[in-house]
Amino acid sequence: MIMKKKKKIRDDLIGVQILEDVLFQYHNRRQPSLHQFLPLLSSVCGCLLLFLGALSFLSPPITNHNLLLNTSFNDGVRAVMKAEKENVFRIPMSGGSLGRELWTSNHSSLFYGCSNASDNFMTAEMNTEPNRYLLIATSGGLNQQRTGIIDAVVAAYILNATLVVPKLDQQSFWNDPSNFSEIFDVDWFITYLSKDVRIIKQLPLEKGGKVITTRVPRKCDPKCYHSRILPIFDKKHVQAVQLTKFDYRLSNWLDEDLQKLRCRVNYHALRFSDPILEMGRKLVERMRMKSKHFIALHLRYEPDMLAFSGCYYGGGEKEIKELGALRKRWKTLHTKDPERERRHGKCLLSPEEIGVMLRALGFGNEVHIYIASGEIYGGEEALAPLKALFPNLHTKETIATKEEELSQFSPYSSRMAALDFVVCDQSDVFVTNNNGNMAKILAGRRRYFGHKRTIRPNTKKLYRLFLNRNNMTWEEFSSHVRTIQIDFMGEPNEVKPGRDGGFHENPWSCICQYSEARTFTDSAFQSSNNISSPENVVNKNTGTYQVLSEFEQDLSETEYADDDNGVQGSL
(Lines give C-alpha, C1' and ligand atoms only; values in the text may rest on other atoms or scores of the structure.)
Protein backbone atom coordinates (compact mmCIF):
# COMPACT_ATOMS: atom_id res chain seq x y z
CA MET A 1 0.00 0.00 0.00
CA ILE A 2 2.93 2.42 0.85
CA MET A 3 4.62 1.64 -2.51
CA LYS A 4 1.38 2.57 -4.33
CA LYS A 5 1.20 5.89 -2.44
CA LYS A 6 4.86 6.76 -3.27
CA LYS A 7 4.23 5.96 -6.95
CA LYS A 8 1.17 8.23 -6.94
CA ILE A 9 3.18 11.15 -5.39
CA ARG A 10 5.98 10.67 -7.97
CA ASP A 11 3.42 10.78 -10.80
CA ASP A 12 2.00 14.00 -9.37
CA LEU A 13 5.49 15.62 -9.26
CA ILE A 14 6.18 14.73 -12.91
CA GLY A 15 2.84 16.22 -13.86
CA VAL A 16 3.58 19.50 -12.13
CA GLN A 17 7.07 19.71 -13.75
CA ILE A 18 5.60 19.23 -17.24
CA LEU A 19 3.05 21.92 -16.52
CA GLU A 20 5.82 24.35 -15.54
CA ASP A 21 7.84 23.64 -18.74
CA VAL A 22 4.82 24.25 -20.95
CA LEU A 23 4.02 27.51 -19.23
CA PHE A 24 7.67 28.62 -19.49
CA GLN A 25 7.82 27.95 -23.23
CA TYR A 26 4.52 29.74 -23.75
CA HIS A 27 5.84 32.68 -21.81
CA ASN A 28 9.04 32.92 -23.85
CA ARG A 29 7.13 32.91 -27.16
CA ARG A 30 4.00 34.97 -26.41
CA GLN A 31 4.24 37.04 -23.19
CA PRO A 32 7.72 37.82 -21.95
CA SER A 33 6.18 39.85 -19.10
CA LEU A 34 4.65 36.70 -17.61
CA HIS A 35 8.04 35.82 -16.03
CA GLN A 36 7.28 38.06 -13.14
CA PHE A 37 4.41 35.71 -12.07
CA LEU A 38 6.48 32.53 -11.91
CA PRO A 39 7.32 32.77 -8.17
CA LEU A 40 3.61 33.02 -7.35
CA LEU A 41 2.74 30.16 -9.65
CA SER A 42 5.43 27.97 -8.11
CA SER A 43 4.07 28.67 -4.64
CA VAL A 44 0.51 27.66 -5.72
CA CYS A 45 1.75 24.48 -7.38
CA GLY A 46 3.78 23.60 -4.28
CA CYS A 47 0.72 23.95 -2.07
CA LEU A 48 -1.31 21.87 -4.48
CA LEU A 49 1.39 19.22 -4.47
CA LEU A 50 1.42 19.06 -0.67
CA PHE A 51 -2.40 18.79 -0.56
CA LEU A 52 -2.51 15.95 -3.08
CA GLY A 53 0.25 14.11 -1.24
CA ALA A 54 -1.58 14.36 2.09
CA LEU A 55 -4.86 13.29 0.49
CA SER A 56 -3.21 10.31 -1.15
CA PHE A 57 -1.64 9.20 2.13
CA LEU A 58 -4.89 9.44 4.10
CA SER A 59 -7.14 7.73 1.49
CA PRO A 60 -8.08 3.96 1.87
CA PRO A 61 -6.55 1.38 -0.42
CA ILE A 62 -7.90 1.12 -3.92
CA THR A 63 -10.83 -1.32 -4.07
CA ASN A 64 -14.06 -2.06 -5.92
CA HIS A 65 -16.48 0.45 -4.36
CA ASN A 66 -19.52 -0.99 -6.14
CA LEU A 67 -18.82 -4.42 -4.64
CA LEU A 68 -18.35 -2.83 -1.21
CA LEU A 69 -21.68 -1.02 -1.40
CA ASN A 70 -23.54 -4.14 -2.54
CA THR A 71 -22.01 -6.30 0.19
CA SER A 72 -22.81 -3.78 2.91
CA PHE A 73 -26.43 -3.45 1.72
CA ASN A 74 -26.99 -7.22 1.54
CA ASP A 75 -25.50 -7.73 4.99
CA GLY A 76 -27.84 -5.08 6.34
CA VAL A 77 -30.88 -6.67 4.73
CA ARG A 78 -29.92 -10.07 6.10
CA ALA A 79 -29.54 -8.62 9.58
CA VAL A 80 -32.97 -6.94 9.40
CA MET A 81 -34.60 -10.08 8.03
CA LYS A 82 -33.03 -12.17 10.79
CA ALA A 83 -34.25 -9.77 13.45
CA GLU A 84 -37.76 -9.75 11.97
CA LYS A 85 -37.85 -13.55 11.75
CA GLU A 86 -36.87 -13.88 15.38
CA ASN A 87 -39.71 -11.54 16.36
CA VAL A 88 -42.44 -12.86 14.04
CA PHE A 89 -44.00 -15.34 16.49
CA ARG A 90 -42.78 -14.56 19.96
CA ILE A 91 -45.43 -15.48 22.56
CA PRO A 92 -45.74 -12.80 25.24
CA MET A 93 -45.88 -13.60 28.93
CA SER A 94 -48.84 -11.34 29.58
CA GLY A 95 -52.30 -11.91 28.22
CA GLY A 96 -53.23 -8.42 27.12
CA SER A 97 -55.68 -5.75 28.22
CA LEU A 98 -58.88 -7.83 28.27
CA GLY A 99 -60.50 -7.94 31.69
CA ARG A 100 -63.90 -9.06 32.92
CA GLU A 101 -65.07 -10.30 29.54
CA LEU A 102 -62.41 -13.01 29.70
CA TRP A 103 -64.06 -14.60 32.71
CA THR A 104 -67.76 -14.06 32.10
CA SER A 105 -70.31 -13.27 29.42
CA ASN A 106 -71.89 -9.84 29.26
CA HIS A 107 -75.26 -11.46 28.55
CA SER A 108 -75.17 -14.39 30.97
CA SER A 109 -77.34 -12.61 33.52
CA LEU A 110 -80.18 -12.38 31.00
CA PHE A 111 -80.79 -16.14 30.93
CA TYR A 112 -81.57 -18.83 33.48
CA GLY A 113 -82.33 -22.52 33.64
CA CYS A 114 -86.00 -23.49 33.73
CA SER A 115 -87.20 -27.08 33.98
CA ASN A 116 -90.51 -27.08 35.84
CA ALA A 117 -93.18 -29.35 34.42
CA SER A 118 -96.16 -27.84 32.65
CA ASP A 119 -99.73 -28.24 33.86
CA ASN A 120 -100.26 -30.89 31.18
CA PHE A 121 -97.50 -33.16 32.47
CA MET A 122 -98.95 -36.24 34.16
CA THR A 123 -97.65 -37.04 37.63
CA ALA A 124 -96.10 -40.39 38.50
CA GLU A 125 -99.21 -41.42 40.39
CA MET A 126 -101.37 -41.00 37.29
CA ASN A 127 -98.84 -42.19 34.73
CA THR A 128 -97.39 -45.38 36.26
CA GLU A 129 -98.88 -48.79 35.49
CA PRO A 130 -98.80 -51.29 38.39
CA ASN A 131 -96.39 -54.24 38.21
CA ARG A 132 -94.45 -52.79 35.29
CA TYR A 133 -90.77 -52.37 36.04
CA LEU A 134 -87.88 -51.08 33.96
CA LEU A 135 -84.29 -52.11 34.72
CA ILE A 136 -81.37 -50.28 33.17
CA ALA A 137 -77.75 -51.41 32.76
CA THR A 138 -75.61 -48.39 31.90
CA SER A 139 -72.41 -48.48 29.88
CA GLY A 140 -69.06 -46.72 29.79
CA GLY A 141 -67.36 -44.28 32.13
CA LEU A 142 -68.95 -41.92 34.63
CA ASN A 143 -70.45 -39.36 32.27
CA GLN A 144 -71.45 -41.85 29.62
CA GLN A 145 -73.34 -43.65 32.38
CA ARG A 146 -74.78 -40.34 33.53
CA THR A 147 -76.45 -39.85 30.14
CA GLY A 148 -77.88 -43.35 30.48
CA ILE A 149 -79.34 -42.60 33.93
CA ILE A 150 -80.93 -39.37 32.71
CA ASP A 151 -82.52 -41.04 29.71
CA ALA A 152 -83.58 -44.05 31.81
CA VAL A 153 -85.91 -41.84 33.85
CA VAL A 154 -87.49 -40.43 30.70
CA ALA A 155 -87.79 -43.91 29.16
CA ALA A 156 -89.59 -45.16 32.29
CA TYR A 157 -92.05 -42.27 32.00
CA ILE A 158 -92.64 -43.03 28.30
CA LEU A 159 -93.29 -46.70 29.13
CA ASN A 160 -95.52 -45.90 32.17
CA ALA A 161 -93.15 -48.05 34.23
CA THR A 162 -91.54 -47.97 37.66
CA LEU A 163 -87.79 -47.47 37.36
CA VAL A 164 -85.42 -49.59 39.40
CA VAL A 165 -82.30 -47.59 40.32
CA PRO A 166 -79.98 -48.10 37.33
CA LYS A 167 -77.07 -50.48 37.61
CA LEU A 168 -73.67 -48.97 36.86
CA ASP A 169 -71.16 -50.55 34.51
CA GLN A 170 -68.72 -52.50 36.68
CA GLN A 171 -67.19 -54.90 34.19
CA SER A 172 -65.95 -52.88 31.24
CA PHE A 173 -62.51 -51.38 30.68
CA TRP A 174 -62.73 -49.12 33.75
CA ASN A 175 -63.26 -52.04 36.12
CA ASP A 176 -64.86 -49.80 38.76
CA PRO A 177 -66.98 -51.78 41.26
CA SER A 178 -68.80 -48.68 42.54
CA ASN A 179 -72.56 -48.91 42.72
CA PHE A 180 -75.08 -46.12 42.25
CA SER A 181 -75.25 -45.05 45.91
CA GLU A 182 -71.45 -44.72 46.13
CA ILE A 183 -71.40 -42.19 43.29
CA PHE A 184 -74.76 -40.45 43.64
CA ASP A 185 -77.09 -39.58 46.49
CA VAL A 186 -79.68 -42.30 45.82
CA ASP A 187 -82.23 -41.13 48.39
CA TRP A 188 -82.18 -37.59 47.00
CA PHE A 189 -82.53 -39.01 43.48
CA ILE A 190 -85.65 -40.99 44.38
CA THR A 191 -87.24 -38.22 46.43
CA TYR A 192 -86.64 -35.37 44.02
CA LEU A 193 -88.23 -37.25 41.12
CA SER A 194 -91.07 -38.80 43.11
CA LYS A 195 -93.71 -36.62 41.43
CA ASP A 196 -92.42 -37.47 37.94
CA VAL A 197 -91.44 -41.14 37.94
CA ARG A 198 -91.78 -43.82 40.58
CA ILE A 199 -88.30 -45.12 41.43
CA ILE A 200 -87.37 -48.01 43.72
CA LYS A 201 -84.01 -49.39 44.84
CA GLN A 202 -84.62 -53.08 44.08
CA LEU A 203 -86.95 -55.14 41.95
CA PRO A 204 -89.57 -56.75 44.24
CA LEU A 205 -89.60 -60.52 44.32
CA GLU A 206 -92.59 -61.92 42.49
CA LYS A 207 -93.21 -65.59 42.12
CA GLY A 208 -93.11 -66.61 38.50
CA GLY A 209 -92.22 -63.11 37.33
CA LYS A 210 -89.97 -62.95 34.28
CA VAL A 211 -87.29 -60.40 33.42
CA ILE A 212 -86.75 -59.98 29.70
CA THR A 213 -83.39 -58.55 28.65
CA THR A 214 -83.10 -56.62 25.39
CA ARG A 215 -81.60 -53.51 23.85
CA VAL A 216 -83.06 -50.54 22.02
CA PRO A 217 -81.31 -48.77 19.14
CA ARG A 218 -79.60 -45.45 19.62
CA LYS A 219 -81.77 -42.33 19.31
CA CYS A 220 -84.93 -44.32 19.96
CA ASP A 221 -87.91 -41.93 20.18
CA PRO A 222 -91.21 -42.50 22.09
CA LYS A 223 -92.81 -44.31 19.14
CA CYS A 224 -89.77 -46.57 19.00
CA TYR A 225 -90.13 -47.44 22.71
CA HIS A 226 -93.86 -48.04 22.32
CA SER A 227 -93.43 -50.36 19.37
CA ARG A 228 -90.41 -52.28 20.67
CA ILE A 229 -90.80 -52.46 24.44
CA LEU A 230 -94.51 -52.12 25.34
CA PRO A 231 -95.43 -55.41 23.61
CA ILE A 232 -92.88 -57.20 25.83
CA PHE A 233 -94.62 -55.94 28.96
CA ASP A 234 -97.90 -57.27 27.61
CA LYS A 235 -96.58 -60.81 27.46
CA LYS A 236 -97.73 -63.26 30.10
CA HIS A 237 -95.80 -63.33 33.40
CA VAL A 238 -93.37 -60.59 32.34
CA GLN A 239 -92.63 -58.48 35.40
CA ALA A 240 -89.75 -56.39 34.11
CA VAL A 241 -87.74 -55.46 31.03
CA GLN A 242 -84.00 -54.85 31.34
CA LEU A 243 -82.34 -52.62 28.74
CA THR A 244 -78.59 -53.16 28.40
CA LYS A 245 -75.76 -50.90 27.23
CA PHE A 246 -78.03 -47.98 27.86
CA ASP A 247 -76.18 -44.92 26.60
CA TYR A 248 -77.57 -42.47 24.06
CA ARG A 249 -80.60 -44.73 23.60
CA LEU A 250 -83.07 -41.85 23.59
CA SER A 251 -83.66 -39.33 20.84
CA ASN A 252 -82.45 -35.76 21.13
CA TRP A 253 -85.84 -34.66 19.86
CA LEU A 254 -88.65 -35.02 22.39
CA ASP A 255 -91.58 -32.83 23.33
CA GLU A 256 -90.82 -29.98 25.70
CA ASP A 257 -92.15 -31.66 28.85
CA LEU A 258 -89.94 -34.71 28.32
CA GLN A 259 -86.94 -32.48 27.66
CA LYS A 260 -87.61 -30.59 30.87
CA LEU A 261 -87.83 -33.92 32.70
CA ARG A 262 -84.36 -34.65 31.34
CA CYS A 263 -83.15 -31.36 32.82
CA ARG A 264 -84.71 -32.04 36.22
CA VAL A 265 -82.86 -35.34 36.35
CA ASN A 266 -79.53 -34.00 35.11
CA TYR A 267 -79.31 -30.67 36.90
CA HIS A 268 -81.23 -31.35 40.11
CA ALA A 269 -81.87 -35.01 40.91
CA LEU A 270 -78.42 -36.42 40.06
CA ARG A 271 -76.40 -35.14 42.98
CA PHE A 272 -73.07 -36.69 43.94
CA SER A 273 -72.77 -38.57 47.20
CA ASP A 274 -71.72 -36.58 50.29
CA PRO A 275 -68.08 -37.81 50.40
CA ILE A 276 -67.55 -36.79 46.75
CA LEU A 277 -69.24 -33.41 47.19
CA GLU A 278 -67.29 -32.64 50.36
CA MET A 279 -63.91 -33.45 48.80
CA GLY A 280 -64.81 -31.68 45.57
CA ARG A 281 -65.70 -28.51 47.46
CA LYS A 282 -62.39 -28.64 49.31
CA LEU A 283 -60.55 -28.76 45.99
CA VAL A 284 -62.52 -25.75 44.73
CA GLU A 285 -61.81 -23.80 47.92
CA ARG A 286 -58.09 -24.49 47.60
CA MET A 287 -58.09 -23.24 44.03
CA ARG A 288 -59.92 -20.09 45.18
CA MET A 289 -57.27 -19.53 47.84
CA LYS A 290 -54.62 -19.49 45.13
CA SER A 291 -56.43 -17.05 42.86
CA LYS A 292 -59.68 -15.10 42.60
CA HIS A 293 -60.39 -16.72 39.22
CA PHE A 294 -59.21 -20.03 37.84
CA ILE A 295 -59.53 -22.14 34.70
CA ALA A 296 -60.43 -25.81 34.71
CA LEU A 297 -58.95 -27.63 31.72
CA HIS A 298 -60.39 -31.00 30.76
CA LEU A 299 -57.35 -32.30 28.91
CA ARG A 300 -57.94 -35.49 26.98
CA TYR A 301 -54.48 -36.65 25.97
CA GLU A 302 -54.45 -40.23 27.19
CA PRO A 303 -52.75 -42.86 24.98
CA ASP A 304 -55.97 -44.73 24.15
CA MET A 305 -57.81 -41.51 23.35
CA LEU A 306 -55.07 -40.44 20.93
CA ALA A 307 -55.07 -43.92 19.40
CA PHE A 308 -58.84 -43.83 18.92
CA SER A 309 -58.65 -40.46 17.16
CA GLY A 310 -56.46 -41.91 14.39
CA CYS A 311 -54.42 -38.70 14.29
CA TYR A 312 -50.67 -38.12 14.36
CA TYR A 313 -49.26 -35.93 17.14
CA GLY A 314 -45.61 -35.56 16.15
CA GLY A 315 -44.05 -38.39 18.16
CA GLY A 316 -42.34 -40.13 15.25
CA GLU A 317 -42.06 -43.87 14.75
CA LYS A 318 -42.39 -44.51 18.48
CA GLU A 319 -45.82 -42.87 18.57
CA ILE A 320 -47.00 -44.59 15.39
CA LYS A 321 -46.01 -47.98 16.76
CA GLU A 322 -47.48 -47.49 20.25
CA LEU A 323 -50.77 -45.91 19.21
CA GLY A 324 -51.12 -48.34 16.32
CA ALA A 325 -50.97 -51.24 18.77
CA LEU A 326 -53.66 -49.61 20.93
CA ARG A 327 -55.97 -49.10 17.94
CA LYS A 328 -56.17 -52.85 17.47
CA ARG A 329 -58.38 -52.96 20.57
CA TRP A 330 -61.32 -51.80 18.43
CA LYS A 331 -61.99 -54.46 15.85
CA THR A 332 -64.47 -52.30 13.92
CA LEU A 333 -62.32 -49.17 13.89
CA HIS A 334 -61.40 -48.18 10.37
CA THR A 335 -57.99 -46.85 9.38
CA LYS A 336 -57.99 -43.07 9.15
CA ASP A 337 -55.92 -40.58 7.21
CA PRO A 338 -54.23 -38.51 9.97
CA GLU A 339 -53.83 -35.43 7.80
CA ARG A 340 -57.44 -35.55 6.66
CA GLU A 341 -58.68 -35.95 10.24
CA ARG A 342 -56.68 -32.91 11.32
CA ARG A 343 -57.91 -30.80 8.40
CA HIS A 344 -61.47 -31.64 9.37
CA GLY A 345 -60.91 -30.66 12.99
CA LYS A 346 -61.15 -34.21 14.37
CA CYS A 347 -57.79 -34.25 16.18
CA LEU A 348 -57.30 -33.27 19.81
CA LEU A 349 -55.34 -30.12 20.48
CA SER A 350 -52.05 -30.82 22.23
CA PRO A 351 -51.24 -29.26 25.63
CA GLU A 352 -49.00 -26.74 23.85
CA GLU A 353 -51.74 -25.76 21.38
CA ILE A 354 -54.25 -25.30 24.19
CA GLY A 355 -51.77 -23.05 26.00
CA VAL A 356 -51.08 -20.95 22.92
CA MET A 357 -54.82 -20.59 22.26
CA LEU A 358 -55.48 -19.41 25.83
CA ARG A 359 -52.63 -16.88 25.65
CA ALA A 360 -53.99 -15.56 22.35
CA LEU A 361 -57.44 -15.18 23.92
CA GLY A 362 -55.91 -12.99 26.60
CA PHE A 363 -55.02 -15.20 29.57
CA GLY A 364 -51.62 -14.31 31.04
CA ASN A 365 -49.02 -16.48 32.76
CA GLU A 366 -50.35 -15.50 36.20
CA VAL A 367 -53.56 -17.50 35.64
CA HIS A 368 -54.04 -20.67 37.71
CA ILE A 369 -55.22 -23.78 35.82
CA TYR A 370 -56.71 -26.95 37.28
CA ILE A 371 -56.10 -29.91 34.98
CA ALA A 372 -58.70 -32.68 34.91
CA SER A 373 -57.08 -35.53 33.07
CA GLY A 374 -56.04 -39.12 33.08
CA GLU A 375 -52.61 -40.37 32.06
CA ILE A 376 -51.00 -37.83 29.71
CA TYR A 377 -49.30 -39.44 26.72
CA GLY A 378 -45.69 -38.31 26.90
CA GLY A 379 -45.94 -37.41 30.59
CA GLU A 380 -44.16 -34.29 31.84
CA GLU A 381 -42.45 -33.78 28.50
CA ALA A 382 -45.83 -33.34 26.80
CA LEU A 383 -47.00 -30.93 29.52
CA ALA A 384 -43.77 -28.87 29.51
CA PRO A 385 -44.84 -26.37 26.77
CA LEU A 386 -48.14 -25.72 28.58
CA LYS A 387 -46.34 -25.28 31.89
CA ALA A 388 -43.89 -22.84 30.29
CA LEU A 389 -46.85 -20.65 29.31
CA PHE A 390 -48.85 -21.21 32.51
CA PRO A 391 -46.56 -22.17 35.43
CA ASN A 392 -49.47 -22.37 37.89
CA LEU A 393 -50.80 -25.80 36.95
CA HIS A 394 -52.65 -27.91 39.51
CA THR A 395 -54.37 -31.28 39.77
CA LYS A 396 -56.31 -32.94 42.56
CA GLU A 397 -53.15 -34.87 43.39
CA THR A 398 -51.14 -31.67 43.90
CA ILE A 399 -53.67 -29.78 46.04
CA ALA A 400 -54.87 -32.71 48.15
CA THR A 401 -53.01 -35.31 50.19
CA LYS A 402 -52.93 -38.68 48.49
CA GLU A 403 -52.77 -40.83 51.59
CA GLU A 404 -55.26 -39.00 53.77
CA GLU A 405 -57.76 -37.28 51.47
CA LEU A 406 -57.68 -39.13 48.16
CA SER A 407 -57.16 -42.67 49.40
CA GLN A 408 -60.89 -43.40 49.57
CA PHE A 409 -61.35 -42.27 45.96
CA SER A 410 -58.16 -43.22 44.10
CA PRO A 411 -58.94 -46.95 43.65
CA TYR A 412 -62.15 -46.01 41.78
CA SER A 413 -61.96 -44.29 38.40
CA SER A 414 -65.54 -42.99 38.49
CA ARG A 415 -65.15 -41.41 41.92
CA MET A 416 -61.91 -39.71 40.85
CA ALA A 417 -63.68 -38.47 37.72
CA ALA A 418 -66.51 -37.16 39.89
CA LEU A 419 -64.05 -35.01 41.86
CA ASP A 420 -62.77 -33.48 38.61
CA PHE A 421 -66.39 -32.92 37.54
CA VAL A 422 -67.12 -30.88 40.67
CA VAL A 423 -64.05 -28.64 40.18
CA CYS A 424 -64.72 -28.13 36.47
CA ASP A 425 -68.35 -27.30 37.18
CA GLN A 426 -67.40 -24.65 39.75
CA SER A 427 -64.53 -23.09 37.80
CA ASP A 428 -64.76 -19.57 36.40
CA VAL A 429 -63.75 -20.79 32.94
CA PHE A 430 -64.03 -24.34 31.66
CA VAL A 431 -61.81 -25.30 28.73
CA THR A 432 -61.79 -28.58 26.86
CA ASN A 433 -59.68 -29.96 24.02
CA ASN A 434 -62.25 -32.63 23.14
CA ASN A 435 -65.91 -33.29 22.45
CA GLY A 436 -66.36 -36.26 24.77
CA ASN A 437 -69.08 -37.05 27.26
CA MET A 438 -67.75 -35.00 30.18
CA ALA A 439 -67.16 -31.96 27.98
CA LYS A 440 -70.69 -32.14 26.57
CA ILE A 441 -72.46 -32.61 29.88
CA LEU A 442 -70.47 -29.85 31.57
CA ALA A 443 -71.11 -27.49 28.66
CA GLY A 444 -74.86 -28.06 29.00
CA ARG A 445 -74.76 -27.75 32.78
CA ARG A 446 -72.83 -24.48 32.65
CA ARG A 447 -75.36 -23.10 30.15
CA TYR A 448 -78.22 -24.09 32.43
CA PHE A 449 -76.67 -22.46 35.50
CA GLY A 450 -76.01 -19.02 34.03
CA HIS A 451 -73.96 -19.49 30.88
CA LYS A 452 -70.65 -19.66 32.71
CA ARG A 453 -67.68 -19.19 30.39
CA THR A 454 -67.03 -22.42 28.49
CA ILE A 455 -64.35 -22.51 25.78
CA ARG A 456 -64.42 -25.17 23.06
CA PRO A 457 -61.62 -24.95 20.47
CA ASN A 458 -62.70 -24.41 16.89
CA THR A 459 -60.24 -27.12 15.87
CA LYS A 460 -60.95 -27.07 12.15
CA LYS A 461 -59.99 -23.42 11.73
CA LEU A 462 -57.33 -23.42 14.41
CA TYR A 463 -55.52 -26.20 12.53
CA ARG A 464 -54.87 -23.94 9.53
CA LEU A 465 -53.83 -21.09 11.80
CA PHE A 466 -51.35 -23.19 13.79
CA LEU A 467 -49.93 -24.50 10.52
CA ASN A 468 -49.06 -20.97 9.38
CA ARG A 469 -48.29 -19.28 12.69
CA ASN A 470 -44.58 -18.77 11.91
CA ASN A 471 -45.50 -16.66 8.90
CA MET A 472 -47.21 -13.93 10.91
CA THR A 473 -46.66 -11.75 13.93
CA TRP A 474 -48.07 -12.65 17.34
CA GLU A 475 -50.48 -9.74 17.10
CA GLU A 476 -51.86 -11.07 13.82
CA PHE A 477 -52.06 -14.60 15.19
CA SER A 478 -53.87 -13.66 18.40
CA SER A 479 -56.32 -11.51 16.46
CA HIS A 480 -57.14 -14.48 14.21
CA VAL A 481 -57.61 -16.74 17.25
CA ARG A 482 -60.10 -14.36 18.84
CA THR A 483 -62.04 -14.15 15.59
CA ILE A 484 -62.03 -17.92 15.07
CA GLN A 485 -63.25 -18.55 18.63
CA ILE A 486 -66.36 -16.39 18.28
CA ASP A 487 -69.33 -18.73 18.91
CA PHE A 488 -67.07 -21.14 20.81
CA MET A 489 -66.88 -19.22 24.10
CA GLY A 490 -70.09 -20.27 25.87
CA GLU A 491 -72.14 -17.22 24.97
CA PRO A 492 -75.95 -17.43 24.89
CA ASN A 493 -77.44 -18.41 21.54
CA GLU A 494 -74.10 -19.38 19.99
CA VAL A 495 -75.15 -23.02 19.49
CA LYS A 496 -77.91 -24.09 17.15
CA PRO A 497 -80.52 -26.21 19.00
CA GLY A 498 -79.99 -29.91 18.46
CA ARG A 499 -77.18 -29.72 15.96
CA ASP A 500 -74.14 -29.20 18.12
CA GLY A 501 -73.57 -32.07 20.52
CA GLY A 502 -77.17 -32.93 21.24
CA PHE A 503 -79.45 -32.04 24.09
CA HIS A 504 -77.02 -32.83 26.89
CA GLU A 505 -74.62 -30.22 25.50
CA ASN A 506 -77.27 -27.66 24.63
CA PRO A 507 -80.48 -28.06 26.69
CA TRP A 508 -82.39 -25.53 24.61
CA SER A 509 -85.82 -26.42 26.01
CA CYS A 510 -84.61 -25.60 29.53
CA ILE A 511 -83.07 -22.17 28.92
CA CYS A 512 -85.35 -19.24 29.62
CA GLN A 513 -84.75 -15.52 29.42
CA TYR A 514 -85.77 -12.54 31.48
CA SER A 515 -87.99 -9.98 29.78
CA GLU A 516 -85.13 -7.54 29.16
CA ALA A 517 -83.35 -10.24 27.15
CA ARG A 518 -86.03 -10.52 24.47
CA THR A 519 -84.57 -7.82 22.23
CA PHE A 520 -81.10 -9.33 22.51
CA THR A 521 -82.40 -12.81 21.63
CA ASP A 522 -84.42 -11.63 18.66
CA SER A 523 -81.47 -9.75 17.16
CA ALA A 524 -79.12 -12.65 17.86
CA PHE A 525 -81.39 -15.06 16.05
CA GLN A 526 -81.63 -12.75 13.06
CA SER A 527 -77.89 -12.08 12.78
CA SER A 528 -76.15 -15.24 13.95
CA ASN A 529 -75.29 -17.86 11.38
CA ASN A 530 -75.17 -20.44 14.13
CA ILE A 531 -78.72 -19.76 15.28
CA SER A 532 -80.82 -18.78 12.31
CA SER A 533 -82.86 -21.64 11.01
CA PRO A 534 -86.44 -21.82 9.71
CA GLU A 535 -86.91 -24.89 11.90
CA ASN A 536 -86.12 -23.18 15.22
CA VAL A 537 -87.98 -20.25 16.75
CA VAL A 538 -88.18 -18.63 20.17
CA ASN A 539 -91.34 -18.91 22.22
CA LYS A 540 -92.14 -15.28 23.06
CA ASN A 541 -94.17 -16.24 26.12
CA THR A 542 -91.66 -18.47 27.87
CA GLY A 543 -88.42 -17.39 26.21
CA THR A 544 -87.48 -21.02 25.55
CA TYR A 545 -86.35 -22.60 22.33
CA GLN A 546 -89.01 -24.46 20.44
CA VAL A 547 -87.82 -27.20 18.11
CA LEU A 548 -90.22 -27.81 15.26
CA SER A 549 -88.18 -30.26 13.22
CA GLU A 550 -88.04 -34.04 13.44
CA PHE A 551 -84.45 -33.96 12.25
CA GLU A 552 -82.33 -36.49 14.12
CA GLN A 553 -78.73 -35.59 14.89
CA ASP A 554 -76.26 -38.46 14.62
CA LEU A 555 -73.87 -38.94 17.47
CA SER A 556 -70.70 -36.95 17.27
CA GLU A 557 -67.96 -38.74 15.40
CA THR A 558 -65.86 -38.50 18.53
CA GLU A 559 -68.30 -40.76 20.36
CA TYR A 560 -67.07 -44.25 20.96
CA ALA A 561 -68.17 -47.30 19.08
CA ASP A 562 -70.85 -49.51 20.55
CA ASP A 563 -68.28 -51.92 21.86
CA ASP A 564 -67.66 -53.58 25.20
CA ASN A 565 -64.11 -52.31 25.16
CA GLY A 566 -64.33 -48.64 26.02
CA VAL A 567 -61.77 -45.92 26.00
CA GLN A 568 -60.15 -45.34 29.35
CA GLY A 569 -61.07 -42.01 30.76
CA SER A 570 -63.99 -41.31 28.40
CA LEU A 571 -65.82 -39.84 31.32
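Reader: What makes the 73 residues a nonpolar core?

Author: A nonpolar core is a set of buried Ala, Val, Leu, Ile, Met, Phe, Trp, Tyr and Cys residues joined through side-chain atoms within 4.5 Å, where buried means under 20% relative accessible area, exposed over 50% and partly exposed in between, with a 1.4 Å probe and protein chains only. The largest such set here has 73 residues, and F189, Y225 and F272 touch the most other members. Helix α6 (residues 142-158) gives the most to this core, with ten residues. Apart from it lies another core, of 47 residues, including V88 and F390. As the model is predicted, local features need pLDDT of at least 70 and side-chain atom pairs pLDDT 80 or more, while totals for chains, interfaces and linings use all residues. Residues are numbered from 1 along each chain as its sequence is written, and side-chain values use heavy atoms, leaving out hydrogens and water.

Reader: How do you know that strands β2 and β6 pair?

Author: Strands (E, at least two residues) and helices (H or I, at least four) are DSSP runs numbered from the N terminus, and two strands pair if DSSP finds at least two bridges between them. Four bridges join β2 (residues 133-136) to β6 (residues 238-243), and one partner pair is I136 with L243 in β6. The two strands therefore meet the definition of pairing, within an open sheet of order β4-β3-β2-β6-β5 with parallel pairing.

Reader: Why is one side of β9 and of β11 left without a neighbour in the sheet?

Author: In the open sheet of order β9-β8-β7-β10-β11, β9 (393-394) and β11 (454-455) stand at the edges with a single partner strand each, so one side of each has no neighbour in the sheet. Two bridges join β10 (residues 429-432) to β11, and F430 stands opposite T454 in β11. Helix α20 (residues 437-448) packs on this sheet, touching β7 (294-298), β10 and β11, where contact means heavy atoms within 4.5 Å.

Reader: Which residues lie nearest the centre of the second largest pocket, and what makes a residue part of its lining?

Author: On a 1 Å grid over the protein atoms alone, a pocket is an open set of points with protein on both sides within 12 Å along at least five of seven lines, and lining residues have an atom within 4 Å of a point. The lining here has 29 residues, with Y301, Y313, G314, G315 and S350 nearest the centre, and its largest share, four residues, comes from α21.

Terms used: Axes are lines fitted to C-alpha atoms, for helices over the stretch in contact, and angles run from 0 to 180 degrees between N-to-C directions. On a 1 Å grid over the protein atoms alone, a cavity is a set of points where a 1.4 Å probe fits but cannot get out, and a pocket is an open set with protein on both sides within 12 Å along at least five of seven lines; lining residues have an atom within 4 Å of a point.
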